[in-house]
Amino acid sequence: MVVGTRARGAVTRIAPAAIPSVVIVTDPGPDPDDVKALLVAAILHRQGAVYLRAVIANGGCQAELRARLAQRVLDLLGVLDVPVGVGSAGKPYSPQPHEYALDGFERVDPARLRPGHELFLEALRAAAPRSLTVVCISSLRDLADVIAEDADLVLSRVREVAIQGGLEWDVARGAWAPDSSVNNTFDMAAAEAVYGFCLARGLPMSVVSRNAVPMLPMQLAKSFALRTCDPVMSYLATAQTLGLEGLWQK
């Protein structure tokens, strides 16, 4: 259980070589689940259970805004040593007002952010051989671009690619193909490139589909927010409620 997420000062961790090394590619904002995933990863990083090498935010033609949101989440958690990158632009999307309504978001200096492609390559080069887990919970464009630029580097450094997406068997082609999962449809060409590369080159891949999402009580985030008065939990509770109301109104 995570309660009272606000922390101060630098993070103290065990040596990165002794723990799993992770890069997260995400699109926080439209779906509060991405902020939840970042919250969990940041706490594990702070506790020394994983080494979060980088966070890359993409999509919606607002990658910089999403990167600023990710940066603010890390700041509020006291995780000050994880760089955040501005990833691929993606498809146009009009955000709802609550998506960036996290306390202090407007004070995040964009100059702190890194170019996402450059940061991704830097994280790969800094990783030990076959040590890095790449977690993709948004468009696969950023990983596809890195593969296109230096496939050998990806193969030499990545131990596993974990994707929130889906595959289906294409009878006509006699091969696996991306299904209609939202993260795939953001950029189907990128999805085909990433899945195809992993399957063809034997790079271990874990694909978690929408069917694997458990049914969690809607009041869970709200109960944490009320008990802790924590800004991240309050943001999640509000975003979850307003996001669901937006779906009902469509």
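Modeller: Let's start with Arg 114, Glu 118 and Glu 122, which are linked in a network of salt bridges. A salt bridge here is a side-chain nitrogen of Lys or Arg within 4 Å of a carboxyl oxygen of Asp or Glu. Keep in mind that this is a predicted model, where local features need pLDDT of at least 70 and side-chain atom pairs count only at pLDDT 80 or more, while totals for chains, interfaces and linings use all residues. Residues are numbered from 1 along each chain as its sequence is written, and side-chain values use heavy atoms, with hydrogens and water left out.

How open to the outside are they? Glu 122 counts as partly exposed because its relative accessible area is 40%, and Arg 114 is partly exposed too, at 22%. The cut-offs are simple: buried is under 20% relative accessible area, exposed is over 50%, and partly exposed is in between (1.4 Å probe, protein chains only).

By the salt-bridge rule, the count comes to nine. One of them pairs Asp 75 with Arg 112, again at 2.7 Å, N to O. That pair ties distant parts of the chain together: Asp 75 is in helix α2, and Arg 112 is in the loop between β3 (84–86) and β4 (114–115), 37 residues apart. Helices (H or I, at least four residues) and strands (E, at least two) are DSSP runs, numbered from the N terminus. Asp 75 is buried, with 16% relative accessible area, whereas Arg 112 is partly exposed at 40%. Another salt bridge joins Arg 107 to Glu 106, with the closest N and O atoms 3.4 Å apart. Both partners sit in the open: Arg 107 is exposed at 57%, and Glu 106 is exposed at 54%.

Now for a bit of helix packing. Helix α3 (residues 116–126) packs against helix α4 (residues 141–149) at an angle of about 60°, their axes being 10 Å apart. Axes are lines fitted to C-alpha atoms, for helices over the stretch in contact, and angles run from 0 to 180 degrees between N-to-C directions. Who touches whom? On the α3 side you'll find His 117, Phe 120, Leu 121 and Leu 124, and they meet α4 residues including Leu 143 and Val 146. Contact means heavy atoms within 4.5 Å.

With a relative accessible area of 43%, Arg 130 is partly exposed. Cys 61 has a positive phi as well, near 55°, and isn't glycine either. You'll spot Cys 61 in the loop between β2 (51–57) and α2 (63–76), partly exposed at 48%.

Zooming out, the protein chain has nine helices and nine strands. Of its 250 residues, 47% count as buried. And among contacts between residues at least 6 apart in sequence, 79% join residues at least 24 apart.
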